[in-house]
Amino acid sequence: SNTGRDRCTDETVGNYKHGVAYAVQRLSAGAPHAAIYVDAAHGGWMGFEHNAAAFVALMAEMDVLHQIRGFSTNVANYQTLGLDTLCPRRAFDGTARQVHGAAGGLAAWCKRDGAGSECCANDPCELLGVGSGGATELSYVQTLRRHFMRATGWAPYFVIDTGRNGAAHEPRAKCESWCNVRGAGAGAVPTLNTHLP
């Protein structure tokens with residue numbers, strides 16, 4: 001999502017592609033039964049429809065999807081999990097599609113059918129209003145999963161880091177802050193019971 005910005009040159013992107021593909025191939029060859037998860041940032045950054053689509057295209061181009069189980073998200077970040085306000089499956093039906101001539105996805109659903117719903121209200125960084133489906137990490141992984149399913153036919157699994165997002169509902173000075181945020185606390189206890197499909 002940063003291609004062409006600041007110091008993210010074509011050379012940098014090429015190094016990223018080569019480095020990730022190399023690491024996945026080496027790990028897969030050295031430990032063929034290991035479940036490999038690749039970092040997929042967090043919903044506050046990659047939850048926008050165009051960023052999610054670009055990430056899917058990048059991963060498909062690297063030709064490593066058959067060697068990984070899925071993605072890790074929110075690593076070293078503070079995005080709220082959203083376990084208490086899961087959005088219904090239908091909220092993601094327009095993900096990776098145009099709806100009425102505009103980008104679909106959770107943000108579009110929250111403006112129309114989901115307006116006033118509890119899941120759309122759980123948006124501490126006000127990301128839905130600017131078009132991101134990543135208001136919570138559970139919304140983000142559903143958004144990203146739908147993008148992968150539509151573009152590649154593959155449904156990845158996700159591991160969400162909750163090590164420091166327990167106080168995510170508490171206001172931070174800036175939602176972009178990620179370096180030693182004061183007042184952060186441990187998040188949800190690790191579980192496989194996320195109530196997601």
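Which residues have the most contacts inside the largest nonpolar core? The legends below take up this question first and then turn to the other close-up views, all of a predicted model.

**Figure 1. The largest nonpolar core.** This core has 27 residues, and those with the most contacts inside it are Phe55, Met59, Ile68, Phe71, Leu144 and Phe148. At least two residues of the core come from each of α1 (10-30), α3 (49-61), α6 (137-152) and β5 (157-160). Apart from this core lies another, of eleven residues, which includes Cys87, Cys110, Cys119 and Cys120.

**Figure 2. The surroundings of Phe71.** Leaving aside residues up to four places away in sequence, Phe71 touches Tyr37, Val38, Ala40, Phe55, Met59, Leu65, Phe148, Trp154, Pro156, Tyr157, Phe158 and Val159. Among these contacts, Phe55, Met59 and Phe148 are, like Phe71 itself, listed with the residues that have the most contacts inside the largest nonpolar core.

**Figure 3. Helix α3 and its cover.** Helix α3 has 13 residues and reaches 18 Å from its first C-alpha to its last, close to the 18 Å expected at 1.5 Å a residue. The buried residues of α3 are Glu49, Asn51, Ala52, Phe55, Val56, Leu58 and Met59. An α-helix has 3.6 residues a turn, so residues three or four places apart point the same way. The elements that cover the buried residues of α3 include α1, β1 (37-39), α2 (43-46), β2 (70-73), β4 (102-103) and α6. Just after the helix, Asp63 takes a positive phi of about 55 degrees.

**Figure 4. Helix α6 and its packing partners.** Helix α6 has 16 residues and reaches 22 Å from its first C-alpha to its last, close to the 22 Å expected at 1.5 Å a residue. Buried in α6 are Glu137, Leu138, Ser139, Tyr140, Val141, Gln142, Thr143, Leu144, Arg146, His147 and Phe148. Leu144 and Phe148 also belong to the residues with the most contacts inside the largest nonpolar core. The buried residues of α6 pack against α2, α3, β2, α4 and β5. Gly153 follows α6 and has a positive phi, near 80 degrees.

**Figure 5. The open sheet of three strands.** The strand order is β1-β2-β5, and the pairing is parallel. Strands β1 and β5 form the edges, each pairing on one side only. From one strand to the next, the twist averages 30 degrees. Three bridges pair β1 with β2 in the parallel sense, and Tyr37 has Gly70 of β2 as its bridge partner. Strands β2 and β5 also run parallel and are joined by four bridges; here Gly70 stands opposite Tyr157 in β5.

**Figure 6. The two faces of strand β5.** In a regular strand the side chains alternate between the two faces of the sheet. Along β5, Phe158 and Ile160 point to one face and are buried. Tyr157, Phe158 and Val159 are each touched by Phe71.

**Figure 7. The disulfide of Cys87 and Cys119.** This link is one of two disulfides in the structure, with an S to S distance of 2.3 Å. The angle about the S-S bond is 105 degrees, and the link of Cys87 and Cys119 is right-handed. Distant parts of the chain are linked by the pair: Cys87 lies in the loop between β2 and β3 (98-99) and Cys119 in helix α5 (residues 118-121), 32 residues apart. Both Cys87 and Cys119 are buried.

**Figure 8. The disulfide of Cys110 and Cys120.** Cys110 is joined to Cys120 with an S to S distance of 2.0 Å. At -80 degrees about the S-S bond, this link is left-handed. Because Cys110 lies in helix α4 (residues 106-111) and Cys120 in helix α5, the pair ties together parts that are ten residues apart in sequence. Cys110 and Cys120 are both buried.

**Figure 9. The protein chain as context for the close-up views.** The secondary structure of the protein chain comes to six helices and five strands, which follow the pattern α-β-α-α-β-β-β-α-α-α-β along the sequence. Of the 197 residues in the protein chain, 43% are buried. Among contacts between residues at least 6 apart in sequence, 71% join residues at least 24 apart.

Key:
Residues numbered from 1 in each chain as written. Predicted model: local features only at pLDDT ≥ 70, side-chain atom pairs only at ≥ 80, totals over all residues. Heavy atoms only, no water. Core = buried A, V, L, I, M, F, W, Y, C linked by side-chain atoms within 4.5 Å. Buried < 20%, exposed > 50% of the residue type's maximum accessible area, 1.4 Å probe, protein only. Contact = heavy atoms within 4.5 Å. Expected span 1.5 Å × (residues − 1). Pairing = 2+ DSSP bridges. Axes fitted to C-alpha atoms, helices over the stretch in contact; angles between N-to-C directions. Disulfide = S-S within 2.5 Å.
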